[in-house]
Amino acid sequence: MAYDNKREEKVYLSLGSNLGDRKKNILNAVKQLEEALYQKVTISPFYESKAMGFESKKDFLNICAQTQTQIEPHEFLKIIHDIEHKLGRIRVENSGYIDRIIDIDILFYGQRIIDTKNLKVPHPKIYERKFVLIPLHDVAKDLVDPRTNTNIQRLIEDCNDKSNLLLCEN
């Protein structure tokens, strides 16, 4: 793939797992991202939290990650879905939230605002989720949301999520 005339954009991702060896699942996804993108992926510490949006007896392990790419966002989304599939994620349309071996979401894609059927960036639920905002702050302390022009620290302060987030030993 040649992307000579395109500029690289910083991409921020959220990765989570609540099935199997959660940490291994996430690290395998990061490794596959690095291989697919030919690019280093920087990750936050791991955080544990209760499931949000559905009932589950299994807690999630979550991180945020930052990388750079010249790949267009919809192609990047396809790469993510391929990685999820390889790791055993089964997508069930219109099923709502369910337990999953791996979940990778695009949070921010440079300064782009994308609103299509398959991709919404910034991720629309980011503002409601401490399990995303806090690890995102770990990898992007100076990030400014292009939709609201608000920095990441302020997004955390304004978040109404009262759930507990446990920083895990790496």
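Select Arg129 first: leaving aside residues up to four places away in sequence, Arg129 touches Met52, Tyr97, Asp105, His123, Cys159 and Asp161. What you have open is a predicted model.

Arg129 sits in the loop between strand S7 (120-121) and helix H3 (130-139). Its relative accessible area is 10%, so Arg129 is buried, the cut-off being under 20%.

Arg129 and Ile104 are 25 residues apart in sequence, and their C-alpha atoms lie 15 Å apart in space.

Next, select residues 73-86, which form helix H2. H2 has 14 residues, and the distance from its first C-alpha to its last is 20 Å, close to the 20 Å expected at 1.5 Å a residue.

Colour the buried residues of H2: Pro73, Phe76, Leu77, Ile79, Ile80, Ile83 and Glu84. Now turn the view to look down the axis of H2; the buried residues fall within an arc of 155 degrees, so they line one face of the helix. An α-helix has 3.6 residues a turn, so residues three or four places apart point the same way.

What do the buried residues of H2 pack against? Show strand S1 (9-17), helix H1 (22-37), strand S4 (60-69), strand S5 (103-109) and strand S6 (114-115), which are their packing partners.

Finish at Gly88, which follows H2 and has a positive phi, near 105 degrees.

Definitions and conventions:
Residues numbered from 1 in each chain as written. Predicted model: local features only at pLDDT ≥ 70, side-chain atom pairs only at ≥ 80, totals over all residues. Heavy atoms only, no water. Helix = DSSP H or I, 4+ residues; strand = E, 2+ residues; numbered from the N terminus. Expected span 1.5 Å × (residues − 1). Buried < 20%, exposed > 50% of the residue type's maximum accessible area, 1.4 Å probe, protein only. Arc of directions from axis to C-beta. Contact = heavy atoms within 4.5 Å.
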